[in-house]
Amino acid sequence: MSDALDASPYDALLLLSFGGPAGPDDVVPFLENVTRGRGIPKERLKEVGQHYFLFGGVSPINDQNRALLDVLRKDFAEHGLDLPVYWGNRNWAPYLTDTLREIVADGRRRVLVLTTSAYASYSGCRQYRENLADSLAALEAEGLELPRIDKLRHYFNHEGFVDPMTDGVLQALADLPEDVRAGAHIAFSTHSIPTASADTSGPVEAHGEGGAYVEQHLEVAQLIADAVRERTGVDHPWQLVYQSRSGAPHIPWLEPDICDHLEERHAAGAPAVVIAPIGFVSDHMEVLYDLDTEARAKAGELGLPMRRSATVGDDPRFAAAVRDLVLERASVERGEEVTPCALGALGASHNLCPAGCCPARAPRPAAAGADSPYA
């Protein structure tokens, strides 16, 4: 590579993810970490714990993050981008605070953060920023010199995120029996969240029914559906659906649930369904259980042919998208002109979360809010 790519002023990239248990003994403490202060019913906690035990108590997200780390490092090296990549989690080892401590010990001063969440919402964006603020506050209490942390923008409509999922839907359609393929419906699935959180997701001007969370998912679904039509000549009916609800029964969450949707499509005469998990970066537990186990069982019960398309995972196109996002943000920080990659009508998301964007469910200290020195 003759010309090295310039990531300055940044000297590290941190992959920040949710985390997951690495063995049966980890399941209960992991779930306690996840649900601390959230009021999740104990019955739901026990239920989710059983999901992990079905897979040996091991979350697939750990190996998937390792695979993503490998493909990111490979892509950066092949393209002359000299930027070390670290990995930290919110809820399990390697813990975020420990990784940030390692980053400080390595002398890194400007750090970009890639979260494994592509869309705007409290749990998908601001909560990550709060976790960063809490971890940096812990390091400050230890007397460590803090690095400056910048979070990469939402990448839901970057071609490196959308294109692999489009190919996944096309492959899932091709895998259906030929006699039901043309009439197949596409269920674009994402994590359900409380309607109150959805309605206040994104900048204040985007607040309203479903907020930016629903708007961004609908944009991605439309982009994929349009691409499928262009490449197959078939205009498949589609709908945005939800999965993985975990809140108290009396609190409204986004609907319809994927299993309810399968029943509705079957009753309406749909010959087949492709489930496309556009809300998820990788095939972690909620994909493997809620879709590959529960939804697949429901489809089997109904006699409804069903295929599930792939998430982006460690697709090299996604790694290239991350490289593009890194270079874009670095150029912005250097005061250079940049044309961000963003498909569809919504355009590129903001680099800095404005005040009132995806507000927390409870007041937070100023250091973790919109004016956070760590955000």
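Predicted model: local features only at pLDDT ≥ 70, side-chain atom pairs only at ≥ 80, totals over all residues.
**Helix 12**

Select residues 316-333, which make up helix 12. Its 18 residues span 26 Å from the first C-alpha to the last, close to the 26 Å expected at 1.5 Å a residue. Next, colour the buried positions of helix 12: Phe318, Ala319, Ala321, Val322, Arg323, Leu325, Val326, Leu327, Glu328, Arg329, Ala330 and Ser331. To see what these buried residues pack against, display strand 1 (12-17), helix 3 (61-78), strand 3 (110-115), strand 4 (148-151) and helix 6 (159-174).

**The two ends of the helix**

Move to the start of helix 12 and show Asp315, where a side-chain oxygen comes to within 2.7 Å of the backbone nitrogen of Arg317. The side chains of Asp315 and Arg317 also form a salt bridge, at 3.0 Å from N to O. Asp315 has a relative accessible area of 17% and is therefore buried, whereas Arg317, at 34%, counts as partly exposed. Then go to the other end: just after helix 12, Gly335 adopts a positive phi of about 80°.

**The nonpolar cores**

Select Leu13, Phe161, Ile224, Ile278, Phe318 and Val326, the residues that touch the most other members of the largest nonpolar core, a set of 58 residues. Helix 12 gives the most to this core, contributing eight residues. In soluble globular proteins, nonpolar side chains tend to be buried together.

Centre the view on Leu13. Beyond its neighbours within four places in sequence, Leu13 is in contact with a set of residues that includes Phe76, Tyr86, Leu112, Leu114 and Leu152. Val322 and Val326 are also among the contacts of Leu13, and both are buried residues of helix 12. For comparison, select Leu16, Leu100, Val111 and Leu132, which are among the 16 residues of a second, separate core.

**Salt bridges**

Over the whole structure, a search finds 25 salt bridges. Side chains of opposite charge can pair when their charged atoms come close.

Select Arg153 and Glu328, whose side chains meet at 2.7 Å, N to O. This pair links distant parts of the chain, 175 residues apart: Arg153 is in the loop between strand 4 and helix 6, and Glu328 is in helix 12. Arg153 is buried because its relative accessible area is 3%, and Glu328, at 7%, is buried as well.

Now show Arg307 and Asp175, a salt bridge in which the closest N and O atoms are 2.9 Å apart. Here the partners are separated by 132 residues, with Arg307 in strand 8 (residues 306-308) and Asp175 in the loop between helix 6 and helix 7 (178-181). Arg307 is partly exposed, at 24% relative accessibility; Asp175 is also partly exposed, at 46%.

**Ser244**

Finish at Ser244, in the loop between strand 6 (238-243) and helix 10 (258-267). Is Ser244 buried or exposed? Its relative accessibility is 6%, so Ser244 counts as buried. Draw two polar contacts from the side chain of Ser244: one to the side chain of Gln243 at 3.2 Å, the other to the side chain of Asp290 at 2.4 Å.

Definitions and conventions:
Residues numbered from 1 in each chain as written. Heavy atoms only, no water. Helix = DSSP H or I, 4+ residues; strand = E, 2+ residues; numbered from the N terminus. Expected span 1.5 Å × (residues − 1). Buried < 20%, exposed > 50% of the residue type's maximum accessible area, 1.4 Å probe, protein only. Contact = heavy atoms within 4.5 Å. Polar contact = N/O pair within 3.5 Å; in protein donor to acceptor, adjacent residues only side chain to side chain. Core = buried A, V, L, I, M, F, W, Y, C linked by side-chain atoms within 4.5 Å. Salt bridge = Lys/Arg side-chain N within 4 Å of Asp/Glu carboxyl O.
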